[in-house]
Amino acid sequence: FTGLAGGLAPLSIKGRAMPFRTDQDTDVTVKIDGSDLGDFDPYVRKYIGRTVQKGKLGVDAHVAIQHRALDVLAKVKLDQFYLGDKVDSPDATDLPVKLALALLRDRKGLIEFDLPVKGNLDDPDIRYGRIVWSAVLNLLGKVAASPFTLLGKLFGGGEDLSFVAFVPGTDQMGPEAQKKLAALAKSLQERPDLQMDVEGAADPAEDGAAMRKAELGRKLQGTDLKTLFFKTFPPDPKAKAPEPPPAEMEQRLLSAQTLDAGALDDLAQRRAKAVLAALQQAQAPQDRVFQTKGTRSAEEAHQPKVWFAVK
């Protein structure tokens, strides 16, 4: 069969089906090229809670029904698909759909994905439109929940692009940082609707220990451990205590080093600035990269890292 979807878009259906038992042996390919997404506005309103601003739909789907088991694999193309105003719908998802679409939409405005749909016609609640939209929302939910996994698959840089690690006590990035930052810069170039937040963090334990060690190292320049130790801990002449071994001297001196108020926060901010500079050098669009502060969980805020978020 050939025709026009919505009166305009070329439509073809090829394959086989038993005229009176399509639930037993149906195997067809359905192709739609350039259908106006405005025709799907009622469904978008119902399931997403927004209007369709504009867009075109292309579908290349293989539909099989064997013994009442439905198996569909659709290759979907959405060209210039943008959502419009919010509308009230009790069935609308609370997923961050706009973020998911921004992650999928390339710089040419094209979104492409494979959509598997499965079901059984014996299910009394089965509705083809419902299970298709359930599959769509499931896909968008996975994308929005793990954005950096998707970006890593698309643009490289490793499995987790959500952070870069730093050498404890410093604003020097770890060995994997440059690869990740190059991938993030590429992601922003290729996904023009994405914005990214950058937030520095510092670990009071790991960073604090490294900073105290560095401070002790600076104080030992031009003097020796023993001299600095007895200058810091003057001996009691009456006690006649034995001289501690060098390892104990070092540990006591490390414990005696204090960090300036705000030293860890300053380190976190310097790390964020280092990442911003590296992203700029990698030609990330600067108007869509923002430094943030105070949005991370306590666990994340106490790690020697810079964290990323997309929106």
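Colleague: Which residue in E10 is the bridge partner of glutamate 199?

Modeller: Tryptophan 307 in E10 is partnered with glutamate 199. This is a predicted model, where local features need pLDDT of at least 70 and side-chain atom pairs pLDDT 80 or more, while totals for chains, interfaces and linings use all residues. Residues are numbered from 1 along each chain as its sequence is written, and side-chain values use heavy atoms, leaving out hydrogens and water.

Colleague: How do you know that strands E8 and E10 pair?

Modeller: Strand E8 (residues 196-200) and strand E10 (residues 305-310) share 5 bridges, in the antiparallel sense. Pairing takes at least two DSSP bridges, so E8 and E10 qualify. The strands themselves are DSSP runs (E, at least two residues; helices are H or I, at least four).

Colleague: What makes E7 and E9 edge strands?

Modeller: Strand E7 (163-165) and strand E9 (289-291) each pair on one side only. The open sheet runs E7-E10-E8-E9, with mixed pairing, and its twist averages 20° from one strand to the next.

Colleague: What lies across that sheet?

Modeller: Helix H9 (residues 263-281) lies across E7, E8, E9 and E10, at about 145° to E8. Angles here run from 0 to 180 degrees between N-to-C directions, with axes fitted to C-alpha atoms.

Colleague: Why is H7 called oblique to H8?

Modeller: The axes of H7 (residues 225-232) and H8 (residues 246-256) come within 10 Å and cross at roughly 50°. That makes H7 oblique to H8, given the cut-offs (under 35 degrees roughly parallel, over 145 roughly antiparallel, 65 to 115 roughly perpendicular, the rest oblique).

Colleague: Which residues of H7 and H8 meet?

Modeller: From H7, Leu225, Lys226, Leu228, Phe229, Phe230 and Thr232 meet Pro246, Met249, Glu250, Arg252, Leu253 and Ala256 of H8, contact being heavy atoms within 4.5 Å. By class, 8 residues are nonpolar, 1 is polar and 3 are charged.

Colleague: And the other sheet: how do you know that E4 and E5 pair?

Modeller: The two-bridge rule again: strand E4 (residues 50-66) and strand E5 (residues 69-86) have 14 antiparallel bridges. Lysine 56 faces aspartate 79 of E5. Helix H1 (residues 41-48) packs on this sheet, touching E4 and E5, with its direction at about 95° to that of E4.

Colleague: What is the strand order there, and how is the sheet paired?

Modeller: The order is E1-E2-E3-E4-E5-E6, 6 strands in an open sheet with antiparallel pairing. Strand E1 (2-5) and strand E6 (110-120) are the edges, each pairing on one side only. Helix H2 (residues 97-104) lies across E4, E5 and E6, at about 105° to E5.

Notes. Ala, Val, Leu, Ile, Met, Phe, Trp, Tyr, Cys and Pro count as nonpolar, Asp, Glu, Lys and Arg as charged, and the others, Gly among them, as polar.
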